Amino acid sequence: MKVFIYPTNSLILSDLVERFGHEPLAIMSEIGKRVRSQGLDSPPLNITPEEPKLGLKYAAVEVPSGVRGRMALFDPLLSKADAAIIVRDPVTSFGCMGCARTNELVNFLIRAKKIPLLELDYPSTEEDAKEFVYKISEFLKSLKPAEEKK
Amino acid sequence: MDTITKMVVINSQKVLPSDVVIKLYESNADVMIKETCFGIIVSGERTIVDSLLGSIRKMDPYGIFIKERGLAPGEPYRCRATRRGGARPGFHTLETEDKILPYIASALKALDKGEVPQQKKRKTKLDVEKLKEIIKEAEASQ
């Protein structure tokens, strides 16, 4: 199954989801698609004027274009998500994760989608980490295994 | 051709990035490899990179962590060399998560041993009805 992760650039979540046999939906793949496409109109991420228009699906025109631009990146991930793992209040929010309003909107949209959802906190001790990994493994085991990639 | 770039973050006591690089060169696969301070960046065709990194993970299943990366190694928009230094975007997240990786490694070991951790009780907010009862009790006692 395709599992949306938040923070969407998290190494730990991306690795654990893949390790337990599912496909992580991470922002890196969306950025990669834009960077690898031939002919960059607006480097480095190739966010063209078309992207904020896609973001209009989620946010009004008065909303800063940064939110709409980010939502254009998140849109394919949100629409494909079959399940989600959310880490509450992550310490870092940089780059694509650096907009608090977008993050709130993404969290809201995931909850509104009514898909299997696991909410956790980042571990700060070894005991917390054991609980963190155990909960993720149990959650991912309860989901159907990922379809084999073509 | 579906090209992909993956980051291999190594937080191991027995495997060094240079060991992994040698192993990757030995495989003679058609991929681009860059050794970095945190591990390795591998770029190439998706099927080749995925199978290659699957075998690399076996070198230390608890000390090697892998994630996808949008930009290829040495991308001028992202590379510090062309951006006149400073932390590259994504570095701070990696730095924060890198500190937790030893805990995650020991948690994965414990999971494989079949350990079930005791779940901590989360502090919940005071219920409104409970607060009303406390107020009534306090008023009655006066």
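Biologist: Leaving aside its neighbours within four places in sequence, which residues is Phe4(A) in contact with?

Modeller: This is a predicted model. In it, Phe4(A) is in contact with Leu25(A), Leu77(A), Leu78(A), Ala81(A), Ala84(A) and Ile110(A), neighbours within four places in sequence left aside. The cut-off for a contact is C-beta atoms within 7 Å.

Biologist: What makes a set of residues a nonpolar core, and which residues have the most contacts inside the largest one?

Modeller: The members must be buried, of the nonpolar kinds listed for a core, and joined through C-beta atoms within 7 Å. The largest set that passes has 59 residues. Those with the most contacts inside it are Val3(A), Phe4(A), Ile5(A), Ala84(A), Val133(A), Val8(B) and Ile104(B). Helix 3 (residues 91-113) of chain B gives the largest share of this core, eight residues.

Biologist: Why is strand 1 of chain B called largely enclosed?

Modeller: A residue counts as buried if 20 or more other C-beta atoms lie within 10 Å of its own. Seven of the eight residues of strand 1 of chain B are buried, so this strand is largely enclosed by the rest of the structure. For chain B as a whole, buried residues make up 27% of the 142 residues.

Biologist: How do you know which strands of the chain B sheet are at the edge?

Modeller: Two strands pair if there are at least two bridges between them. The four strands form an open sheet in the order 2-3-1-4, with antiparallel pairing. Strand 2 (31-35) and strand 4 (64-69) of chain B each pair on one side only, and these are the edge strands. On average, neighbouring strands of this sheet are turned by 20 degrees against each other, direction ignored.

Biologist: How many bridges stand behind each pairing in that order?

Modeller: Strand 2 and strand 3 (residues 39-45) of chain B have five bridges, and Met32(B) stands opposite Ser43(B) there. Strand 1 and strand 3 of chain B have seven, with Ile4(B) opposite Gly44(B). Strand 1 and strand 4 of chain B are joined by six, and Ile10(B) has Ile64(B) as its bridge partner.

Biologist: What makes chain B more spread out than a compact globule?

Modeller: Chain B has four helices and four strands, in the order β-α-β-β-α-β-α-α from the N terminus. The globule rule gives 14 Å for 142 residues, and the radius of gyration of chain B is 24 Å, well over that value, so chain B is more spread out than a compact globule. Its C-alpha trace spans about 85 × 45 × 30 Å along the principal axes.

Biologist: Which parts of chain B make up the side that touches chain A?

Modeller: By the contact cut-off, 32 residues of chain B are in contact with 32 residues of chain A. Strand 1, strand 4 and helix 3 of chain B each supply at least two residues of that side. Helix 3 of chain B supplies the largest share, 13 residues. The side divides into 16 nonpolar, nine polar and seven charged residues.

Biologist: And which strands of chain B does helix 2 of chain A lie across?

Modeller: Helix 2 (residues 27-36) of chain A lies across strand 1 (3-10) and strand 4 of chain B, at about 45 degrees to strand 4 of chain B.

How values were computed: Residues are numbered from 1 along each chain as its sequence is written. Chains are lettered from A and ligands numbered from 1 in the order in which they are written. This is a predicted model: local features need pLDDT of at least 70, side-chain atom pairs count only at pLDDT 80 or more; totals for chains, interfaces and linings use all residues. Axes are lines fitted to C-alpha atoms, for helices over the stretch in contact, and angles run from 0 to 180 degrees between N-to-C directions. Two residues are in contact if their C-beta atoms, placed from the backbone, lie within 7 Å. The radius of gyration is taken over C-alpha atoms; the globule rule is 2.2 Å times the number of residues to the power 0.38. A residue is buried if 20 or more other C-beta atoms lie within 10 Å of its own, exposed if 12 or fewer, and partly exposed in between; C-beta atoms are placed from the backbone. Ala, Val, Leu, Ile, Met, Phe, Trp, Tyr, Cys and Pro count as nonpolar, Asp, Glu, Lys and Arg as charged, and the others, Gly among them, as polar.
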